[in-house]
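Subject: Structure for you to look at

Hello,

Here is the structure I promised. Please open it alongside this message, and my notes follow below.

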Amino acid sequence: MKRPATVLLTALAPISWGTTYAVTTELLPPDRPLFTAALRALPAGLVLLALARVLPRGVWWGKAAVLGALNIGAFFPLLFLSAYRMPGGMAAVIGSVGPLFVVGLSALLLGQRPTPRSVLTGILAAFGVSLVVLKAAGALDTVGVLAALASTASMSAGTVLTKRWGRPDGVGPLALTAWQLTAGGLLIAPLALLAEGAPPVLDGRAVGGYLYLALANTAVAYLLWFRGIGRLTATQVTFLGPLSPLTAAVVGWAALGQSLTPLQLTGMALAFTATVAGQLRPGVSSAGTPVSADRSAAVPAAGLTVASHRSP
C-alpha cells in the first residue's frame, strides 16, 4: 500500500474516535464510563480474536498484557476519571501533548533523536486543540489533571513499546489488535462492576450505540490504527491524534447544533496544519522507507481523545 493511502486509512481511526462524545451523550445511559469502556473493548477484542484465531505464545502473553493495559485497560479509566473531574476541554488539551510524550519516549526507547520540527509541531498541535476545545475557565482538579497526564503517558508509552517490540513472526495486526483489546477489556470489566455496579437496562438506542462503539469505533478503528503504525513511524501516527477533537467539534456543530467561533476555526486550522506537518518524514533510507521504521518496530496503539466535553 502506498504511504499516502496508509496515512489516510490510519486517519480514519481518530476521526472515528471523534464521534464518541456525540454517540455517548445522545444514545447511551449517563454516568457509566467504565461500563461503556468495557463494552467497547472486550466484545471488540473477542470478535477480532475469533477472526484471527491466533493466541499469544511464550513471552507474548506478558507483552500483550502490558500493551493491553497501557493502551486500553489503564488509558480508558484514567481518561474517564480526568473527564469527570474537570472540564473536558482541559482534558483534551492535556491529551493533545501526547505527540510530545511520544517524541521523548522514542528518543529513550527507540533511539530516535527529537528534531526541532517535531517538537514545534507538537506544540502547534496542542495550541490549536486548545483554541478549539477550551471555553470558560473552570476550576482545575488536582486528581483530574494527574489522571489526564497519566492517561496520556500510558497511551504514549504503549505506542512506543509496541513500536519497540513489534509483533511475532507470522502474526498480523488483526491478532495483535485482538490481544490488546481483550486484555484491556478484561482489566476494565471488574473495575466497572466494582465502581458502577450491575449493568444498566439498555433500550434499542443504547444497544445501537454500543454496537457502533464496539465494532466501528473500536474494532475497525483500532485495526486501522495498528496497521498504520506498522507502516509509519510512531511520531507520524501520533500526530494524527488531533483529528479526534477536531472531528468532535465538527460533529458538535453539524449534528448537535453547537457553534464554532472564529477562534475555534483558527485553532482547527493550526491543529490540522500540525497533523499534516507531522506526516513529513525527517529522512528516507535508500529503499525509500522512513529511516526510523524497521521490522522490529511494528505496531503501536492509540486511543481516544476527550473532545469539547466528556468523551468516553
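Buried residues make up 51% of the 312 residues in the protein chain. Buried means under 20% relative accessible area, exposed means over 50%, and partly exposed lies in between (1.4 Å probe, protein chains only). The accessible surface of the chain comes to about 13200 Å², and carbon and sulfur atoms hold 70% of that. Those areas come from the Shrake-Rupley method with a 1.4 Å probe; for residues, only the protein chains shown count as cover.

Some ground rules. This is a predicted model: local features need pLDDT of at least 70, side-chain atom pairs count only at pLDDT 80 or more, and totals for chains, interfaces and linings use all residues. Residues are numbered from 1 along each chain as its sequence is written, and side-chain values use heavy atoms, with hydrogens and water left out.

Confidence next. pLDDT is the predictor's confidence in each residue, from 0 to 100. The chain averages 81, and 84% of the residues score at least 70. Over residues 283–312 the pLDDT is below 50, yet this stretch has 105 contacts in the model beyond near neighbours in sequence. Contact means heavy atoms within 4.5 Å.

The fold. The protein chain has 14 helices and zero strands. Helices (H or I, at least four residues) and strands (E, at least two) are DSSP runs, numbered from the N terminus. Of the contacts with a separation of 6 or more, 89% join residues 24 or more positions apart.

The largest nonpolar core has 30 residues; Ile72, Phe76, Tyr222 and Trp225 touch the most other members. Helices α1 (3–17), α3, α5 (75–85), α10 and α11 (204–231) each give two or more residues to this core. Another core, of nine residues, lies apart from it and includes Ala52, Leu67, Leu176 and Trp179. A nonpolar core here is a set of buried Ala, Val, Leu, Ile, Met, Phe, Trp, Tyr and Cys residues joined through side-chain atoms within 4.5 Å.

Charges. A search of the whole structure finds one salt bridge (a side-chain nitrogen of Lys or Arg within 4 Å of a carboxyl oxygen of Asp or Glu). Its partners are Arg32 and Glu196, at 3.4 Å from N to O. Arg32 sits in the loop between α2 (20–27) and α3 (33–52), Glu196 in helix α10 (residues 173–196), and the two are 164 residues apart. Arg32 is buried, at 14% relative accessible area.

Helix α10 has 24 residues. It reaches 33 Å from its first C-alpha to its last, close to the 34 Å expected at 1.5 Å a residue. That expected span is 1.5 Å times one less than the number of residues. Gly197 follows α10 and has a positive phi, near 80°.

Two other residues have positive phi without being glycine. Asp31 is at about 60°, in the loop between α2 and α3. Arg53 is at about 55°, in the loop between α3 and α4 (60–73). Arg53 is exposed, with a relative accessible area of 75%.

Tyr212 is in helix α11 and is partly exposed at 29%. Leaving aside neighbours within four places in sequence, Tyr212 is in contact with Ser16, Thr19, Val23 and Asn217. Phe127 is in helix α8 (residues 116–133) and is partly exposed at 46%. Phe127 and Met268 are 141 residues apart in sequence but 9.8 Å apart in space, C-alpha to C-alpha.

Best wishes
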